[in-house]
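Please read this briefing alongside the sequence and the 3D view.

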Amino acid sequence: MTKMKVEEQEKARTKARMSGSLMLIEALKEEKVEVIFGYPGGAVLPLYDELYKAGVFHVLTRHEQGAIHAAEGYARISGKPGVVIATSGPGATNIVTGLTDAMMDSLPLVVFTGQVATSVIGSDAFQEADVVGITMPITKHNYQVRDISELPRIIKEAFHIATTGRPGPVLIDIPKDITTAEGEFDYDQDVHLPGYQPTTQPNHWQIRRLVEAVSQSKRPVILAGAGVLHANASNELRQYAEQQNIPVIHTLLGLGGFPADHPLFLGMAGMHGTYTANMALYECDLLINIGARFDDRVTGNLKYFAPKATVAHIDIDPAEIGKNVPTKIPIVSDAKAALQELIAQQGKPADNAAWLEQLNEWKRRFPLHYEPEAGTIKPQKLVEMIYELTNGEAIVTTDVGQHQMWAAQYYKFNRPHRWVTSGGLGTMGFGLPAAIGAQLADRSATVVSIVGDGGFQMTFQELSVIQELGLPIKIVIVNNQALGMVRQWQELFYEKRYSHSLIPNQPDFVKLAEAYGIPGLRAKTEAEAAEVLKQAFAMDGPVLLDFHVRADENVYPMVAPGKGLHEMVGVKACEELSR
Ligand SMILES: Cc1ncc(C[n+]2csc(CCOP(=O)(O)OP(=O)(O)O)c2C)c(N)n1
Ligand SMILES: [Mg+2]
């Protein structure tokens with residue numbers, strides 16, 4: 001067939017008359033969607049019928065929350081939008097947490113919810129919920145389709161909005177009668193959104209101001225967030241930091257954007273950041289924020305945040321600049337474009353030899369530390385062992401709590417797009433379903449899901465999906481028989497009144513895994529842990545590992561609530577350590 005003919009046929013296909021359900025399938029093909037995460041129900045029955053006929057790859061999670069976290073994991077690793085389908089009413093309300101999570105962490109999702117028929121909207125019909133109203137503040141944008149003729153345009157816009165500018169979740173609510181109505185499928189149209197034109201290229205004069213500020217500074221530092229990862233700008237970040245000899249700090253979500261083993265890397269900042277990173281933020285005279293939003297878990301008390309610094313902030317979302325921290329040099333831009341421009345400027349580097357010497361001294365004297373204890377399992381040691389066995393190459397997903405912080409501190413990410421965690425919302429139950437999406441985004445990767453004994457019990461039904469698809473995910477339960485992070489705060493700030501945070505009667509997780517057809521192993525000492533980890537990584541399929549760790553361990557350093565970053569507790573100098 002000639003090229004012309006192929007193009008004509010393609011055009012004919014994209015102009016054909018068809019049902020709303022089929023339009024959705026065709027649009028997903030146009031968008032090259034590889035996998036849909038979803039759960040059926042009455043309002044989406046016509047859509048599921050077409051999915052069945054079209055043979056689309058759809059993952060039936062066991063709860064809609066699992067579907068949306070899996071889509072987030074997929075988006076985080078692939079850089080492509082995660083696609084979710086849920087039915088009306090309870091199906092839609094079950095994805096509210098995931099939408100908020102994706103909104104807070106800027107993950108591109110396109111989410112379809114079923115809705116009752118247009119004729120009964122507003123009548124409290126069976127399984128009716130005002131999904132557009134509910135999700136308005138937790139989506140980047142949302143739609144309700146009221147006429148079949150709008151559907152192709154809306155889907156096209158949704159993919160565009162989710163993936164451009166600052167990424168985020170977009171929801172399309174589709175009444176059941178729209179899925180069966182017929183219309184023309186015209187997908188060959190330009191997106192025209194006068195009110196949505198993200199700025200992606202930096203202003204030249206602001207770049208010049210930053211170059212000038214660097215050349216005059218003595219103590220510059222870069223704080224790099226997930227914006228670097230969304231822009232695929234890790235190489236540029238490294239080039240720029242090396243060209244200007246500026247040390248780099250990461251936020252929790254930015255980890256992997258800059259290699260952890262690089263001499264210019266100072267570690268993670270914030271509530272459980274390293275001594276050096278937090279002190280660098282306190283002492284710096286120039287702070288260059290690239291793609292981070294000055295979250296309160298990063299800044300601590302704003303009164304003491306970077307008090308001596310001129311602040312420059314590169315962000316694709318202008319609303320973030322100056323929101324929390326007064327900013328002298330605002331640069332609205334994609335991180336990659338801004339870094340490329342900065343590199344091209346070849347500005348005069350800062351005169352910062354004394355600063356680098358000071359930082360290296362802090363790094364040497366105040367490393368992350370814990371007291372080793374072989375008769376039990378130290379959670380920090382557990383993460384170190386996983387790091388070594390996977391050569392630092394694994395995709396790591398987590399829940400939220402102490403285990404999450406230890407994973408962030410002790411798994412040294414040298415590569416981008418390996419770290420999948422719930423940052424802004426702090427969603428327990430995120431880790432296991434996110435691992436499913438991550439593994440589907442990168443089939444050949446080793447995926448380790450490090451979860452809490454508490455958080456695991458919020459979404460463990462997704463073990464079924466892991467078993468069904470044979471995904472070789474290594475599930476690591478850091479079992480401290482507690483809601484550990486809550487326990488830690490109660491120990492430190494509530495005089496050890498452990499109100500509803502201790503769970504000594506956790507279920508037998510090994511038996512639970514076996515009930516799902518997944519092998520389970522348990523360890524209670526460091527030697528046993530080393531043994532079961534070795535076994536697990538030698539196995540081809542999924543495996544669940546239940547590690548009974550030291551239950552009273554705390555995450556340090558810690559910046560207590562209301563304190564400045566320089567007021568960390570739990571820091572020890574290396575000469576005080578027993579090893
Ligand atoms: C859905 C949800 N509910 C409650 C919390 C509050 N919270 C934060 S950490 C934490 C404890 C988590 O316990 P576990 O999963 O066992 O992890 P650990 O801290 O013990 O490592 C809780 C309850 C949360 N983050 N998310
Ligand atoms: Mg726990």
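In this predicted model, an oxygen atom of ligand 1 is 2.8 Å from an N or O atom in the side chain of D453, a polar contact in the sense of a pair of N or O atoms within 3.5 Å. Residues are numbered from 1 along each chain as its sequence is written, while chains are lettered from A and ligands numbered from 1 in the order in which they are written. Local features need pLDDT of at least 70 and side-chain atom pairs count only at pLDDT 80 or more, whereas totals for chains, interfaces and linings use all residues, and side-chain values use heavy atoms, with hydrogens and water left out.

**Around ligand 1**
- Backbone atoms also take part: a polar backbone atom of A482 is 2.9 Å from an oxygen atom of ligand 1, and a backbone N or O atom of G484 lies 2.7 Å from an oxygen atom of this ligand.
- On its own ligand 1 has 580 Å² of accessible area, of which the protein covers 76%, as calculated by the Shrake-Rupley method with a 1.4 Å probe.
- Ligand 1 is surrounded by 17 residues, the closest being Q402, G426, D453, G455 and G484, where a residue counts if one of its heavy atoms lies within 4 Å.
- Helix 20 gives the largest share of this shell, four residues, helices being DSSP runs (H or I) of at least four residues and strands runs (E) of at least two, numbered from the N terminus.
- By class, the shell has seven nonpolar, nine polar and one charged residues, with Gly counted as polar.

**The magnesium ion**
- The protein donors of the magnesium ion (ligand 2) are D453 (OD), N480 (OD1) and A482 (O), at 2.0 to 2.2 Å from it; donors are N, O and S atoms within 2.8 Å of the metal, or 3.2 Å for Na, K and Ca.
- D453 in helix 20 (residues 453-459) and A482 in the loop between strand 18 (474-479) and helix 22 (484-493) are 29 residues apart, so that the pair links distant parts of the chain.
- Both D453 and A482 are buried, meaning under 20% relative accessible area (1.4 Å probe, protein chains only).

**Recorded domain**
- An unreviewed UniProt entry lists residues 399-547 as "domain: Thiamine pyrophosphate enzyme TPP-binding", and such annotations may be inferred rather than shown by experiment.
- The span 399-547 is 43% helix and 15% strand, with its end C-alpha atoms 15 Å apart.

**Helix 2**
- Helix 2 (residues 20-30) is largely enclosed by the rest of the structure, because eight of its 11 residues are buried, among them M23, L24 and I25.
- Just after helix 2, K32 takes a positive phi of about 60 degrees.

Key
Buried means under 20% relative accessible area, exposed over 50%, partly exposed in between (1.4 Å probe, protein chains only). A polar contact is a pair of N or O atoms within 3.5 Å; within protein, one must be able to donate a hydrogen and the other to accept it, and residues adjacent in sequence count only if both atoms are side-chain atoms.
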